[in-house]
Amino acid sequence: MNRYSFSRDHGIAMHSDASQAYEECDPIASLSMKLGSFLLVSAKQRRKRGMKERWCLVIYQPPNSMLIMGGKFQTEFTHGVPSFAAIQRLVKCVEGEVTAWMVEQEPIRILWARNAKERMEAELQRLHQSVDL
């Protein structure tokens, strides 16, 4: 179990869960307890047709929820949790913007799932009001 704190600038780098205990199609769960969190998902490789750059999907995970990543997720995608510093850079990106601030400094297209950007802006505002950063 990974536990992190925005006030301590914790995050989890982009990764695939690799273990001798896991099979390729075993599901991985992300639990959000007490507070909401943000999850980043990116394809491991560029698609050969159409897309020129990689992409990163930003997902808001509501408090007390579980997200299941199943199928061949571990084979085809990486996932991570942005640190507070990364969130402050990420929230400035607009939908579809290409930036090189993460994932091996390669240009990557930022995609926002549903209301993730609005939730991230609200969370930043809440943190700035409650914690001296």
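In this predicted model, strand 3 and strand 6 run antiparallel and are joined by four bridges. Within this pairing, Ala 43 stands opposite Phe 77 of strand 6.

| Partner of strand 6 | Bridges | Direction | Residues standing opposite each other |
|---|---|---|---|
| Strand 3 | four bridges | antiparallel | Ala 43 and Phe 77 |

Strand 6 is mostly covered, with five of its five residues buried. In a regular strand the side chains alternate between the two faces of the sheet. In strand 6 both faces are covered, with Phe 77, His 79 and Val 81 buried on one side, and Thr 78 and Gly 80 buried on the other.

His 79 itself belongs to strand 6, which spans residues 77-81. His 79 counts as buried because its relative accessible area is 6%, and buried means under 20%. The side chain of His 79 makes a polar contact with the side chain of Asp 17, at 3.3 Å. If neighbours within four places in sequence are left aside, the residues in contact with His 79 include His 15, Ser 16, Asp 17, Ile 28, Leu 39, Val 41, Met 69 and Phe 73.

The view can now be widened to the nonpolar cores. The largest nonpolar core has 17 residues, and those that touch the most other members are Val 58, Leu 90, Ile 110, Trp 112 and Met 120. At least two residues of this core come from each of strand 3 (37-43), strand 4 (54-61), helix 2 (84-90), strand 8 (108-112) and helix 3 (116-130). Helix 3 supplies the largest share, namely four residues. Apart from this core lies another one, of ten residues, among them Ile 28, Leu 39, Val 41 and Met 69.

As for the protein chain as a whole, there are three helices and eight strands, which follow one another along the sequence in the pattern β-β-β-β-β-α-β-α-β-β-α. Of the 133 residues in the chain, 39% are buried. Among contacts with a separation of 6 or more, 71% are between residues 24 or more positions apart. The accessible surface of the chain comes to about 8500 Å², and 51% of this surface belongs to carbon and sulfur atoms.

Note on methods:
Residues numbered from 1 in each chain as written. Predicted model: local features only at pLDDT ≥ 70, side-chain atom pairs only at ≥ 80, totals over all residues. Heavy atoms only, no water. Buried < 20%, exposed > 50% of the residue type's maximum accessible area, 1.4 Å probe, protein only. Polar contact = N/O pair within 3.5 Å; in protein donor to acceptor, adjacent residues only side chain to side chain. Contact = heavy atoms within 4.5 Å. Areas by Shrake-Rupley, 256 points an atom, 1.4 Å probe, with all protein chains shown as cover. Core = buried A, V, L, I, M, F, W, Y, C linked by side-chain atoms within 4.5 Å. Pairing = 2+ DSSP bridges.
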